[in-house]
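Here is a quick tour of a protein model, written for someone who likes to know the cut-offs. Have the sequence and coordinates open as you read.

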Amino acid sequence: MRLVYLKINTVSYILLLLLVSCRAPIEITDWPDTLPPARVFIALYEQDEENKSLQKLENYLLWIKRFYLGYQIAPGWLEIEGAIEDYTGERWSEYCSFLEQLSIKISSEWAQDNSVRKINSRTAAIWRDALVEAMAQDKLDQFLQQFTADVEDLLSGELSTQEVRFTRYFEDDFAF
């Protein structure tokens, strides 16, 4: 009789743990207004079973914030976007929505666990440097077309990260 009671309590305990682990939607209280809404990234995270099994949502969202805001070793997307806004001036509204959608695609992939992501920090740094060069050479429109195609091709598997080099976009004046 005691053994049956122990089994029932164990089952009840496991069920209770399962119920407690089913949490309500996460409340984001420190999400900057300058970033796309957190719910966008939460939805993308929830759809990716492979990454969910490797990375907690909180960690994923931390890397999303780092993508946009920057961290010790790299400027964030918002800083780069600011440079584009300064460069394009009146044309900024043409780029604004386009760049937001592109940033969501890039950041949601880059923020994933290293073992599954298709966009890594090296690739993002190359794109950042090429973007700066595109503005310096007054070739932003041309670069953004290639950049967008490369993001899509990388996400679909038609392009590898090894193929993304600065020289894909511009001559490297510092090649030795």
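What follows goes from the overall fold to one helix and then to the salt bridges.

## Ground rules and confidence

This is a predicted model, so local features need pLDDT of at least 70 and side-chain atom pairs count only at pLDDT 80 or more, while totals for chains, interfaces and linings use all residues. Residues are numbered from 1 along each chain as its sequence is written, and side-chain values use heavy atoms, with hydrogens and water left out.

The mean pLDDT (the predictor's confidence in each residue, from 0 to 100) is 84 for the protein, and 81% of the residues score at least 70. Helix α1 (residues 2-21) has the lowest confidence, with a mean of 43, and α2 has the highest, at 97. Two stretches deserve a look: residues 1-8 stay under 50 in pLDDT and have zero contacts beyond four places in sequence, and residues 12-25 also stay under 50, with two such contacts. Contact here means heavy atoms within 4.5 Å.

## Overall fold

The protein has eight helices and two strands, in the order α-α-α-α-β-β-α-α-α-α along the sequence. Helices (H or I, at least four residues) and strands (E, at least two) are DSSP runs, numbered from the N terminus.

Of the 176 residues, 34% count as buried; buried means under 20% relative accessible area, exposed over 50%, and partly exposed in between, using a 1.4 Å probe and protein chains only. The accessible surface is about 11,500 Å², and carbon and sulfur atoms own 55% of that. Among contacts between residues at least 6 apart in sequence, 63% join residues at least 24 apart.

## A closer look at α4

Helix α4 has 13 residues and spans 18 Å from first to last C-alpha, close to the 18 Å expected at 1.5 Å a residue. That expected span is 1.5 Å times one less than the number of residues. Its buried residues are L57, Y60, L61, I64, K65, F67 and Y68. Viewed down the α4 axis, the buried residues fall within an arc of 155°, so they line one face of the helix; the arc is that of the directions from the helix axis to the C-beta atoms. Their cover includes α2 (38-47), α3 (49-52), β1 (70-71), α5 (77-88) and α6 (92-110).

K65 counts as buried because its relative accessibility is 17%. Beyond its neighbours within four places in sequence, K65 touches D30, W31, P32, L35 and G70. E58, also placed in α4 (residues 57-69), is partly exposed at 40%. G70 follows the helix with a positive phi, near 85°.

## Salt bridges

How many salt bridges does the structure hold? There are eight, each being a side-chain nitrogen of Lys or Arg within 4 Å of a carboxyl oxygen of Asp or Glu.

E152 and K105 form one of them, with their closest N and O atoms 2.1 Å apart. This pair links distant parts of the chain, with E152 in helix α8 (residues 140-156) and K105 in helix α6, 47 residues apart. E152 is partly exposed at 32%, and K105 is partly exposed at 36%.

E46 and K52 also meet in a salt bridge, at 3.1 Å from N to O, and E46, E49 and K52 are linked in a network. R91 pairs with E94 at 3.3 Å; R91 is partly exposed at 34%, whereas E94 is exposed at 51%.

Notes:
Areas by Shrake-Rupley, 256 points an atom, 1.4 Å probe, with all protein chains shown as cover.
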